[in-house]
Amino acid sequence: MSENNANFFQKNAEVLVLTGLVVMCAAVFGQTVGFAFINFDDNLYVYDNPAVRAGVSWNSIKWAFTAFYSANWHPITWLSHMIDVSLFDANPGAHHATNVIFHIVNSFLAFVVFRKMTGCVWKSAIVAALFAVHPAHVESVAWISERKDVLSTMFWLLTMLAYFGYVRLQQGRPQTDEDFDESETVRRFFYFLTVALFALGLMSKPMLVTLPFVLLLCDFWALERLKKLKDLVPLIIEKLPLFILSAVSAYITIAAQRSYGAVQTLETLPIPTRLLNAVVSYAKYVITLFYPVNLGIAYPYRETFPAWQIFGSFVLLAGVTAFCIAQRKKRKYLLMGWLWFLGTLVPVIGIVQVGAQSMADRYSYVPYFGLFIMLVWSAGEIFSRFKINRAVIAGIAVIVLGALCFLGFKQASYWQNAETLYSHTLAAGQGNFLIKVNYCNFLLRENRLQEAEKQCLDSIAENPNFAEAFTTIGVVYVKAGKYEDAVQNFRRSIQINPNDPAVYTNLGAPLAMLGRIDEAAHVVGKAAELYKRSGADPAVLNGVYANLAAAYGASNEFDKAAEILARVLKNSPGKTDLRINYALMLYSQNKLDEAKLQIDQAIAQSPETAESYNLLGMIFVKQNNRAEAAAQFEKALELKPDYNEASENLRHVKDENTKQ
């Protein structure tokens, strides 16, 4: 009976593994299809991004490949979000479902990759299962903005598969010239496929810059191509196109991040501080692998660390490194896995510091493969040496994976919406200035201004050099009508980060409300300049110019406002709201015929817009055509019954008619 069972599992291994991975992923992440967007980058990546919200078009594709938006260049990721919008609009559940599907695909690809590389079915299956449900990976899947993680990892694993196909063909020995020619053609195909998939991965997320080094580690361990030091040079030359692509991607990424002021300067974070943070963070990642609790969406950068933490982290890293080197001949998988873990974290470990986080759960999505390899192959060796019964091994695996599924499900549940996520993060002891700023943004959208102000003030108290906190509280003060306070905080944000165009745009509004129109025009012009420099979508620039026009309009400089809006409409003639504003500025200058022409076009473009009919009625009033004016106001109220301005205008017209 046991032999029959063994044969059944052996024959149906792939089906059983795939089924198990799907069931576990669904159990942990199925709940996310009912979750909302999070105002932590989801606004930048989806629901407040005009280019993405436009769906797939030639203009949006061009934008995806040319824009340094949100301090990133990852066009394939942008296209992925655009496709989702084209298919599902802004339905967050559908966007979550796409992430889950990518994660399921990655989990199965992980099984296939390690099975192809090592020939070990069940060890590869356990590695894939650990990857599928580990709580530290929840962030990469449950966070819509981390589409770049799940998408780029798919290309990472596909690149490895293509590379293995190339290596197997190279290691083969064709018997005839005809076989050789055919084999060489296929081998070249797999080589070019490797390069192409790698390029797509880099265009999804630049984290793949370390993949050529990981392929060298595969050469060292399971592929047995790197046996002596002299083997290293030809293997590096073989991967030269991959290294070149990595260098180009790294250059573009740094340029994108610098264009948004996201790269921390050495004055802000000196090299010794960065190195200490790297050592401590490496150790924390190892600890989190075994103790994945109290996880948060962001871990703040600490400039000082307790001596015991530095010493303990250094001892841990040095000890494991020394042990792996000592075992490099007998147990290659240890050195391979450890170097995979250390190396793939290099781009995000903080030597080149981007943003204000010291580490992040999402950064472990690929690096943990190295630690999983070390654990699973070590466990396999121990079980084999002590001849542990397979049923016992299966029981241990079920217990471990069951515990991780439970913790993963619980961690995923916190991503239901922004408030549950931020509240959990703060309650779990991961409270920090990053979370408090985003919590402030969420409360701001909910119009809970006092609560929002408190979160931002707490954030500033924790880190007085975090520009986004000053920007956010500035928006709070604008909404509360505290314009001087808003100006002061926006100015402080610009002092810290002078390259963020959004701050200049925000600053224009309170300056205009205070009557400082020339200053408002200057800062909004600066915003437009920065947006252009970063390759921003035209819709974003239109918004900036519309703000500037509004500032001039508020100061009764209608001619300047009209001039700006006319220029914008040349580039975006289909923007009905801008055309109505343009007509209003012309109306305010008593250019009634020109204003009427613009309103007629607006109505032709969007006949259901009540504001067009209201303004047309106002034009007719000035032209002393009260009957037609009344008809237009009535039309506006049909479309928008609670339109107070149209209601007042209609009442005045009727009163005038009564007097006559």
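Trainee: In which kind of crossing, left-handed or right-handed, does helix 30 pass helix 31?

Mentor: Happy to go through it. Helix 30 passes helix 31 in a left-handed crossing. Please keep in mind that this is a predicted model, and that the values below are computed from it.

Let us begin with the geometry of this pair. The angle at which helix 30 and helix 31 pack is about 155°, and their axes lie 10 Å apart. Angles over 145 degrees count as roughly antiparallel. That makes helix 30 roughly antiparallel to helix 31. On the helix 30 side, the contact is made by Leu-592, Ala-595, Lys-596, Ile-599, Asp-600, Ala-602 and Ile-603. Helix 31 answers with Ser-612, Tyr-613, Leu-615, Leu-616, Ile-619, Phe-620 and Lys-622. Sorted by class, the contact of helix 30 with helix 31 holds ten nonpolar residues, one polar residue and three charged ones.

Lys-596 deserves a stop of its own. This lysine lies in helix 30, which covers residues 592-605, and belongs to the contact with helix 31. If neighbours within four places in sequence are left aside, Lys-596 is in contact with Leu-616, Ile-619 and Phe-620. Lys-596 counts as partly exposed because its relative accessibility is 25%. For a sense of distance, take Ser-384: Lys-596 and Ser-384 are 212 residues apart in sequence, and their C-alpha atoms are 86 Å apart in space.

Now look at the loops on either side of the pair. Asn-590 sits in the loop between helix 29 (576-588) and helix 30. Its backbone is worth a check in your viewer: Asn-590 has a positive phi of about 65° although it is not a glycine. With a relative accessible area of 51%, Asn-590 is exposed. Asn-624 is found in the loop between helix 31 (610-622) and helix 32 (626-639). Here too phi is positive in a residue other than glycine, with Asn-624 near 65°. Asn-624 counts as exposed, at 52% relative accessibility.

Two packed helices are described by the angle between their axes and the distance between the axes. Helix 12 (residues 211-220) and helix 17 (residues 332-344) pack at about 175°, with 10 Å between their axes. Helix 12 and helix 17 are therefore roughly antiparallel to each other. In this contact, Val-214, Leu-217, Cys-218 and Phe-220 of helix 12 meet Lys-332, Leu-335, Met-336, Leu-339, Trp-340 and Thr-344 of helix 17. The classes in the contact of helix 12 with helix 17 are eight nonpolar, one polar and one charged.

The second pair has another arrangement to show you. Helix 15 (residues 271-290) and helix 16 (residues 307-326) pack at an angle of about 65°, and their axes are 9 Å apart. Helix 15 and helix 16 are therefore roughly perpendicular to each other. Their crossing is left-handed. Helix 15 brings Leu-276, Val-279, Val-280, Tyr-282, Ala-283, Lys-284 and Val-286 to the contact, while helix 16 brings Gln-309, Ile-310, Ser-313, Phe-314, Leu-316 and Leu-317. The residues of the contact between helix 15 and helix 16 comprise ten nonpolar, two polar and one charged.

Asn-49 has its place in the loop between helix 3 (42-47) and helix 4 (50-53). Asn-49 counts as buried because its relative accessibility is 1%. Not counting residues up to four places away in sequence, Asn-49 touches Asn-43, Leu-44, Trp-63, Tyr-69 and Trp-78. Of these, Tyr-69 is 20 residues from Asn-49 in sequence and 9.7 Å from it in space, C-alpha to C-alpha.

Finally, step back to the chain. There are 33 helices and two strands. The C-alpha trace spans about 105 × 65 × 50 Å along its principal axes. Of the 660 residues, 51% count as buried. Among contacts between residues at least 6 apart in sequence, 70% join residues at least 24 apart. The accessible surface comes to about 30000 Å², and carbon and sulfur atoms account for 60% of it.

Key. Residues numbered from 1 in each chain as written. Predicted model: local features only at pLDDT ≥ 70, side-chain atom pairs only at ≥ 80, totals over all residues. Heavy atoms only, no water. Axes fitted to C-alpha atoms, helices over the stretch in contact; angles between N-to-C directions. Helix = DSSP H or I, 4+ residues; strand = E, 2+ residues; numbered from the N terminus. Parallel < 35°, antiparallel > 145°, perpendicular 65-115°, else oblique. Left-handed = near helix turned anticlockwise from the far one by under 90°. Contact = heavy atoms within 4.5 Å. Nonpolar A, V, L, I, M, F, W, Y, C, P; charged D, E, K, R; others polar. Buried < 20%, exposed > 50% of the residue type's maximum accessible area, 1.4 Å probe, protein only. Areas by Shrake-Rupley, 256 points an atom, 1.4 Å probe, with all protein chains shown as cover.
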